[in-house]
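Please keep the sequence and the structure in view while reading.

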Amino acid sequence: MTNKKNKKHRQTNPWTPKDEGDHYRSMKEWWAIETLFKTLKDNRKWNLKACLAYELETPSCFYVYHLFDTNNKIVAQKAINDDIKKLSYTKNKVDLKYENNSIKGQYPDYKIHIEDDKQNFLTDMNYKANILPHWSAQDVTNGYLPIGLDHYRYGWLLNCNLTGNIKIDDEILKIKGKGYLEHAWGNWSYKNPFQKLSGLRKTISIYCKLINWRLSNFTPNIPDRIAFTSENNPLGYDWFWGIFDNDWSIFYGNSLLWISEGPAMGVLTLFTEGNNYLDFGDVQFRYNKVIYLKKYDIYYPSDLTIKAKIDDKKLNLRIWPTCKSHEYIFKYKGNGFYRAITIPELPGKMKGVYSDNEKTVQLEGDCKIVQQRVASKLGHNSLTIDFIKPPNGVGISFDLDSHYLNKKIISKIQFAPKPRFKLNIKKI
């Protein structure tokens, strides 16, 4: 993507009323909110996530909310699959209702109502958008993204001013903060990825556009390291949304292709002043810390570093959690290859630096981190490749760690300054 393209941002809303309303007969469709806010009485920080969705494989509807004290732990939650008829939605606007819970509105104004009598929790929130909505990979695929052998359309509104109130333990408190809204729909299956391939031609086209975009922005070089893991299969993702203290906002969604360190195959968008955005085409990521789920033999990241650039613009950012994660796990029935979907959620912090030819901006803010992993019978298997470069020599080393084979294999091939070969195999 050239510098000229980056300057030609559409200053009109890319979402139509049709985009905001339902697309029933899609195999899956969801609307979700994420919020970062304070209770004004005590300046306490909170994160609320809520999602309303339907899917036609079962068929069923899905409702979930999670309320975090972001410096402590999750304090209220609910996740339920129910009769698809219990979720109502409509065309040409956001008008969702499940029991007494609702998300309603149309750009730039939305209202959210979530209540749970059993946990003595209720909130009413008003959103007022600060910026325009945005499609994921907007200038490349106009919101269409691949997932395995299928695809979906994915858009989001990153920065809304949030006001309202929240009721916790019989106390009603005023709140103020920031909100996020997303909408996605498409035809794919986590349990049976080969089930519906009518859109395969378009999926291949989307992959080609994204790969071409990556290559056009990528500076060829030999990396120090690239790593792969079996749990980072194409049915999973890494995701975070955040608001910086200077009111810039960020979205990161990485479609995993087994890579656990190296180039990101997803989208990183930074909104700066007004509606100026940057869709970074060259993104590298590294996991600093991971959490192990022994039951499903998978790892997921809790602390990561992102490095991104496009033309003269660079972003270096670290993201880490501020409280214990909550892990939503949906177990598959039967004895298939895939065992469960795991979705860990972690409120967090982010800190880094943005720079270009004109300025350097120190960035710090709050964020929400979400990952998805689809656990398989293979368990955890990893391959790390390190490239030996001058002045340390010329060569390559491999580190294979296979829980499935119960083996660890380390190999090193050095070409210079003196040829060497090393191979070590041991049981785990």
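## Model confidence

Over residues 1-8, pLDDT stays under 50, and the model has 15 contacts beyond four places in sequence for this stretch. The model is a predicted one. Across the chain the average pLDDT is 93, and 96% of the residues score at least 70.

## Nonpolar cores

The largest nonpolar core holds 74 residues, and Phe37, Leu48, Leu67 and Tyr154 have the most contacts inside it. Strand β12 (residues 150-168) gives the largest share of this core, with nine residues. Apart from it lies another core of 35 residues, including Leu256, Tyr287, Leu293 and Ala308.

What does Leu48 touch, not counting residues up to four places away in sequence? Its partners are Ile33, Glu34, Thr35, Phe37, Tyr65, His66, Leu67, Ile114, Phe121, Thr123 and Met125.

## Trp46 in strand β2

Trp46 belongs to strand β2 (residues 44-55). Its relative accessibility is 2%, so Trp46 counts as buried. Leaving aside neighbours within four places in sequence, Trp46 is in contact with Thr35, Leu36, Phe37, Thr39, Leu67, Phe68, Asp69, Thr70, Val75 and Ile168.

A polar atom of the Trp46 side chain lies 3.4 Å from the backbone oxygen of Arg44. Glu99 is 53 residues away from Trp46 along the chain, and the C-alpha atoms of the two are separated by 24 Å.

## The β18-β19 hairpin

Strands β18 and β19 form a hairpin with five residues between them, and Gly274 in the turn has a positive phi of about 60°. The two strands run antiparallel, with β18 (residues 267-271) joined to β19 by four bridges. Leu270 has Leu278 in β19 as its bridge partner.

In a regular strand, side chains alternate between the two faces of the sheet. Are the two faces of strand β19 (residues 277-280) covered or uncovered? Both are covered: Tyr277 and Asp279 are buried on one side, and Leu278 and Phe280 are buried on the other.

## Cysteines

How many disulfides does a search of the whole structure find? The search finds zero. For Cys61, the closest cysteine sulfur is that of Cys51, and the two sulfurs are 11 Å apart, so the distance is too far for a bond.

Cys61 is buried, because its relative accessible area is 1%. Cys208, with a relative accessible area of 47%, is partly exposed.

Key
Residues numbered from 1 in each chain as written. Predicted model: local features only at pLDDT ≥ 70, side-chain atom pairs only at ≥ 80, totals over all residues. Heavy atoms only, no water. Core = buried A, V, L, I, M, F, W, Y, C linked by side-chain atoms within 4.5 Å. Buried < 20%, exposed > 50% of the residue type's maximum accessible area, 1.4 Å probe, protein only. Contact = heavy atoms within 4.5 Å. Polar contact = N/O pair within 3.5 Å; in protein donor to acceptor, adjacent residues only side chain to side chain. pLDDT = per-residue confidence, 0-100. Pairing = 2+ DSSP bridges. Disulfide = S-S within 2.5 Å.
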